[in-house]
Amino acid sequence: YGQLGNGTNQDKNIPVRIGFLYSTIAAGGRHSLALKKDNTMWAWGNNEYGQLGDSSNENRNKPVHIYSSLLGDYSRYEIAAGEYHSLLMGRDGVVCATGKNDVGQLGGGTYADRNTLARIGSGYIGITAGGSHSFALEEIYKNDWFWGPLPENHLYAWGDNHSGQLGCGPIPQFSNTAIHIGPK
């Protein structure tokens, strides 16, 4: 599918150079994401469900630049890749998702696949993706009578839960909205 990003669809049994100035990478099922040091996002590989976020469903065997005006400040991104979906978080905690959404792994209250990044939430400090599920970490400050404001992290999950991978028990089987995991 071109997930190596070297301009071919040939398997390689030795590492191949696909570029330089990358600072962060994420490998999905058959697609890859990377951030360059200038905080631009790049994607390549299988794009059957739009998981590259380039407004198409065309496989790419070279990195393509992915842009979203939904993210606000571009000074820091985080990326995560699932089997057929991708997540991107901007510095201000806005999370966007693209790709397959049959079990709600993109979040945002829908089950429709997307081939462009769509905003699904804000206020997060971290993201990660599993095969068909996603997680986001939210930092909330609570006032302590002695120490003042103290950070308290809250975990949210959405997507496939057939094996309990969301951490909220076996029900629901899947969710297209963020479920708070653990005590509040």
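Is Y22 buried, partly exposed or exposed? In this predicted model, Y22 is partly exposed, because its relative accessible area is 21% and the range between 20% and 50% carries that label.

**Aromatic pairs**

- A pair of aromatic rings is described by the distance of the centres and the angle of the planes.
- The count of aromatic pairs comes to four.
- One of them joins Y22 and W44, whose ring centres are 6.2 Å apart; the planes stand at 55°, so the pair is tilted.
- This pair links distant parts of the chain, 22 residues apart: Y22 belongs to strand β1 (residues 22-27) and W44 to strand β3 (residues 41-45).
- W44 counts as buried, because its relative accessibility is 4%.
- Another pair is formed by Y49 and Y84, with ring centres 5.1 Å apart and planes at 70°, so this pair is edge-to-face.
- Y49 lies in the loop between β3 and β4 (60-66), and Y84 in the loop between β5 (77-81) and β6 (85-90), so the pair ties together parts 35 residues apart in sequence.
- Y84 has a relative accessibility of 18% and therefore counts as buried.

**A lysine over two rings**

- K36 lies over the face of Y22, at 5.3 Å from the ring centre.
- K36 also lies over the face of W42, at 4.7 Å from the ring centre.

**Nonpolar surface patch**

- W145, F146, W147 and L150 make a nonpolar surface patch of about 610 Å².
- W145 is found in the loop between β10 (133-144) and β11 (148-160).
- With a relative accessibility of 80%, W145 counts as exposed.

Note on methods
Residues numbered from 1 in each chain as written. Predicted model: local features only at pLDDT ≥ 70, side-chain atom pairs only at ≥ 80, totals over all residues. Heavy atoms only, no water. Patch = residues over 30% accessible without salt bridge, like charges linked within 9 Å, V, L, I, M, F, W, Y side chains within 5 Å. Areas by Shrake-Rupley, 256 points an atom, 1.4 Å probe, with all protein chains shown as cover. Salt bridge = Lys/Arg side-chain N within 4 Å of Asp/Glu carboxyl O. Helix = DSSP H or I, 4+ residues; strand = E, 2+ residues; numbered from the N terminus. Buried < 20%, exposed > 50% of the residue type's maximum accessible area, 1.4 Å probe, protein only. Phe/Tyr/Trp six-rings, centres within 6.5 Å; stacked < 30°, edge-to-face > 60°. Lys NZ or Arg CZ within 6 Å of the ring centre and 35° of its normal.
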